[in-house]
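Please look over the two chains shown below before reading on. The report that follows takes each chain in turn and then turns to how they meet.

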Amino acid sequence: MSVGLEHYLVLSAILFAIGLYGALSKRNTIAILLCIEIMLNAVNIALVAFSRFVAPQMLTGQVFVIFIMAVAAAEAAVGLAIIMAIYRRKGTVDPTEIDSMKR
Amino acid sequence: MAMDFAFWLLAIVSVAAALAVVLLRDVFRAALALVLCFIMVAGLYVTLSADFLAAVQILVYVGAISILLILGIMLTRDVQRGSPPNKLRFPALLVALLFIGTAIFAVFNTPWGISAGAPVEPTTATLAGKLFGENGYILTVEIAAVLLLAAIIGAIVLVREK
């Protein structure tokens, strides 16, 4: 069986699940950001695969991927700035210790 | 045939790199594994004949975002603590496995309208037409520009010394 749409979608699902597990189970905020980047990349693979196999002349999926990349860059910049501000104030990047909104 | 081999190689290495990101306790090594994962994803774009996106992936993810993340690790590094898992580890594993099962079930039970047409190559001119041409996504491009500007200003405001 030659490689088709299903292969790429299953690979995308596996990468997304790995990122999801990491984002839920890490105790370092930067590691959580790394895992979110994996999830965004998994979604991009699925979109490009749809664009290639379902509508190969349209490229709409690739346009969406470009916008996802722009939003991911903005997200990484703002997320790291928030982590910096919290680290400067509290001296930790452990999300289980950043719980002032729970009290 | 060569494409199939390339797909399997890239898929296995990217999944292994993603697992290394999640499982390594040293955050810096995790970031390096993430760079490897990004490069493999760029290779996957090449196998999907998305040449422009592969170049953008290398430039934006490997070049910019990973440098930003490594800078963040350097500035907030808890060397002795690393990134241990929290106590939600097994529920999180369960959620991830449930997600994989549901997604694979959905993928294999949906009748995808596979088109046999040849892909556009090279994609750059077509993408530019889509983004900037008539009936394209020009409004979204401008909104993305405003979003990036807002993100830059927000990041500066957040990390500025009082």
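## Chain A

Chain A of this predicted model holds three helices and zero strands, and from the N terminus on its elements follow the order α-α-α. The predictor's confidence in chain A has a mean pLDDT of 90, with 99% of the residues reaching 70 or more. Within the chain, confidence is highest in helix H1(A), at 94, and lowest in helix H3 (residues 60-90) of chain A, where the mean is 92.

As for overall dimensions, the C-alpha trace of chain A spans about 50 × 25 × 20 Å along its principal axes. Its radius of gyration is 17 Å, whereas a compact globule of 103 residues would have one near 13 Å. Buried residues account for 55% of the 103 residues in chain A. Of the contacts in chain A between residues at least 6 apart in sequence, 50% join residues that are at least 24 apart.

## Chain B

Chain B is likewise described by its helices, of which there are six, with zero strands; from the N terminus on, the elements run α-α-α-α-α-α.

In chain B, 25% of the 162 residues count as buried. Among the contacts of chain B between residues at least 6 apart in sequence, 52% link residues at least 24 apart.

## Where the chains meet

In the contact between the chains, 63 residues of chain A touch 74 residues of chain B. On the chain A side, the elements that give two or more residues are H1, helix H2 (29-53) and H3 of chain A, and the largest share, 21 residues, comes from H3(A). By class, the chain A side divides into 48 nonpolar, 10 polar and five charged residues.

## The H1(A) and H1(B) pair

Helix H1 (residues 5-25) of chain A and helix H1 (residues 2-23) of chain B have axes that come within 9 Å and cross at roughly 10 degrees. Because angles under 35 degrees count as roughly parallel, H1(A) is roughly parallel to H1(B). From H1(A) the contact draws on His7(A), Leu11(A), Ile14(A), Leu15(A), Ile18(A), Gly19(A), Tyr21(A) and Gly22(A), and from H1(B) on Phe7(B), Ala11(B), Ser14(B), Val15(B), Ala18(B), Leu19(B), Val21(B) and Val22(B). The residues of this contact comprise 12 nonpolar, four polar and no charged.

## The H3(A) and H3(B) pair

The contact of H3(A) with H3(B) is made up of 18 nonpolar, two polar and no charged residues.

Terms used. Residues numbered from 1 in each chain as written. Chains lettered and ligands numbered in written order. Predicted model: local features only at pLDDT ≥ 70, side-chain atom pairs only at ≥ 80, totals over all residues. Axes fitted to C-alpha atoms, helices over the stretch in contact; angles between N-to-C directions. Helix = DSSP H or I, 4+ residues; strand = E, 2+ residues; numbered from the N terminus. Parallel < 35°, antiparallel > 145°, perpendicular 65-115°, else oblique. Contact = placed C-beta atoms within 7 Å. Nonpolar A, V, L, I, M, F, W, Y, C, P; charged D, E, K, R; others polar. pLDDT = per-residue confidence, 0-100. Rg over C-alpha atoms; globule rule 2.2 N^0.38 Å. Buried ≥ 20, exposed ≤ 12 C-beta atoms within 10 Å, placed from the backbone.
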